[in-house]
Amino acid sequence: MENWEKLCKMPYKQIKEMQDRKLRAFIGNQIYLYSPRYSALMKERKIDPFKIKGIEDLKYLPFTYKWDIAPTDEEPQKHKDFIIRPDEEVTEKYGHLAKMSMTGGKAMVEERVYDFKPVHMHFTTGRTAMPTPFVYSKRDLENLRESGYRLLNVFGVTPDDVTINCFPFAPHLAFWQTYFAGDKMNMPVYHSGGGKIVGTRSLMDAFEYLRPTVAVFIPGYCYYFLREAVKQGRDFSSVKKIFFGGERVPPGLKEKIKELFTELGASDVMVLATYGMTEAKVAWGECPSHNEYFGYHIYPDMEVFEIVDPESGEPVGEGEDGEIVYTALDWRGTCVLRYRTGDVAKGGILFEPCPNCGRTVPRISSNIQRKSEFKEFSMTKVKGTLVNLNNFFPLLMSHPEVEEWQVEMKKRNDDPFDLDEIYLYVAAKQGVDQEKLAADLKQKILRDTEVSLTGLVFRTVPELVKQLGMETELKEKRIVDNRPK
Ligand SMILES: [Zn+2]
């Protein structure tokens, strides 16, 4: 990997040359030889690895989709075909470590183990597909540490900051990216495990006792946590920055979070988003600003991004809208090429130096419509029409009169052959006219999701918090599909 500070000043032309060079080496020396899936695919389609001279030539490779990797009942071990594996199953010539120790000695074996042996893994959080493991070698963990350092560097965090990590303990990127980031930045971090592990009250105590300058959260839980803290009259005046991960952050929610912090004694808290995915094995940070959006700074020595037309798959121009396509560069462990994320970036990718911080590494637009979280049923057939459930998030998360909410889909009379029903449960802010709010929500939901609700039910905040599993689930249950499969 390259030196980050140097990379951030490198003109884009040079960055691209570096990417071309790394891609040639990666395809030729790793993917073609040791990735069972891509090796077979290239042989089958007669793709000469030496034909791929630079990132423009990625187009010769087909796209990889989520379902290509996810385990199925028939092929539970499918994910192994995406691991760079110079072992005896894949190649006799280079595989056998025992043989290698005879010719190359102990040092060579150790190097191979460092490079290739899987030692860490994360799982995807698909809701209907089986979770897919993505493995890291020790060499990959160095990349994870470095990417964490870079993310914090973009956010302007230094070793003098004190951080509380409120992500739940889980085999997921969000928690471990934060863990390794703190480690590499050499800063004090309390990895609390969030309310689910230490309890919301103790977590609040920790905020008052440790006086953190930075906190890392899942947005839904953060919003709940801060409201509770306001009720208890807590003092969180030390906090300067909040990072979110795990799901997207609508602008309206950013405002609500800032207001709550003001009530807790912290003025001008910066609310920052990260973008990451299990498949890419790292997360990227948004260039920090209070009111403007400059995009996520990416790591061009670790990955290549293409932005393509979601329909045709053809690349679009700089700054144009399109689906984000990810290709691993210089990784070991699980590696995917031309992975269709399903996420659409409004404003695509930008190669010009960042007007906010001056870094020259490319940026992906801040306006990402993350489809991947709910992809499995984002286009669910409810009442015979296709519904984009994602549209509930920005609408309800940002609504000034809504405190908590949940969407439930079920069958009428619980009869699998009967009609689909869709219910919205809402806890309104205190003093809100419920009748007016209900009318407003029904109309806006029809506008944004094209579905008319079967019913809108008002609940109290504690009732909904329990229903959402706010303190018991890894991630709160915002959209529940209770229809029989
Ligand atoms: Zn920037």
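# Loops, helices and domains in a predicted model

Lys46 is exposed, as 7 other C-beta atoms lie within 10 Å; a residue is called buried with 20 or more other C-beta atoms within 10 Å of its own, exposed with 12 or fewer, and partly exposed in between, the C-beta atoms being placed from the backbone. The model is a predicted one, in which local features need pLDDT of at least 70 and side-chain atom pairs count only at pLDDT 80 or more, while totals for chains, interfaces and linings use all residues. Residues are numbered from 1 along each chain as its sequence is written.

## Two loops

Lys46 belongs to the loop between helix 3 (36-44) and helix 4 (66-69), where helices (H or I, at least four residues) and strands (E, at least two) are DSSP runs numbered from the N terminus. Although Lys46 is not a glycine, its phi is positive, at about 55 degrees. The loop between helix 3 and helix 4 also holds Asp57, which counts as partly exposed with 15 C-beta neighbours inside 10 Å. Setting aside neighbours within four places in sequence, Asp57 is in contact with Lys51 and Ile52, contact meaning that the C-beta atoms of two residues, placed from the backbone, lie within 7 Å.

Beyond its neighbours within four places in sequence, Gly265 is in contact with Asp235, Phe236 and Ser237.

## Buried residues and the core

Tyr275 is found in strand 7 and is buried, with 23 other C-beta atoms within 10 Å. Not counting residues up to four places away in sequence, Tyr275 touches Ala283, Trp284, Tyr296, Ile364 and Ile368.

The largest nonpolar core has 113 residues, and those that touch the most other members are Phe217, Cys222, Ile242 and Phe305; such a core is a set of buried Ala, Val, Leu, Ile, Met, Phe, Trp, Tyr and Cys residues joined through C-beta atoms within 7 Å. Phe217, once neighbours within four places in sequence are left aside, is in contact with Cys166, Cys222, Ile242 and Phe244. In soluble globular proteins, nonpolar side chains tend to be buried together.

## Helix 8 against helix 9

Helix 8 (residues 138-155) and helix 9 (residues 173-185) have axes that come within 7 Å and cross at roughly 80 degrees; the axes are lines fitted to C-alpha atoms, for helices over the stretch in contact, with angles from 0 to 180 degrees between N-to-C directions. Helix 8 is therefore roughly perpendicular to helix 9, since angles of 65 to 115 degrees count as roughly perpendicular, those under 35 as roughly parallel, those over 145 as roughly antiparallel and the rest as oblique. The residues of helix 8 that meet helix 9 include Leu144, Tyr149 and Leu152, and among their counterparts in helix 9 are Gln177, Phe180 and Met185.

Leu144, placed in helix 8, counts as buried with 24 C-beta neighbours inside 10 Å. Apart from residues up to four places away in sequence, Leu144 touches Tyr136, Gln177, Phe180, Lys281 and Val282.

## Domains

The domain assignment of the protein chain gives domain 1 (4-136), domain 2 (138-372) and domain 3 (376-481), with bounds that come from an automatic or database assignment. Between the C-alpha centres of domain 2 and domain 3 there are 26 Å. Their contact takes 17 residues from domain 2 and 14 residues from domain 3. On the side of domain 2 that touches domain 3, helix 10 (194-198), helix 12 (219-231) and helix 13 each supply at least two residues.

## Separations along the chain and in space

| Pair | Apart in sequence | C-alpha to C-alpha |
|---|---|---|
| Asp57 and Lys429 | 372 residues | 54 Å |
| Leu144 and Glu403 | 259 residues | 36 Å |
| Tyr275 and Glu471 | 196 residues | 24 Å |
| Gly265 and Thr334 | 69 residues | 45 Å |
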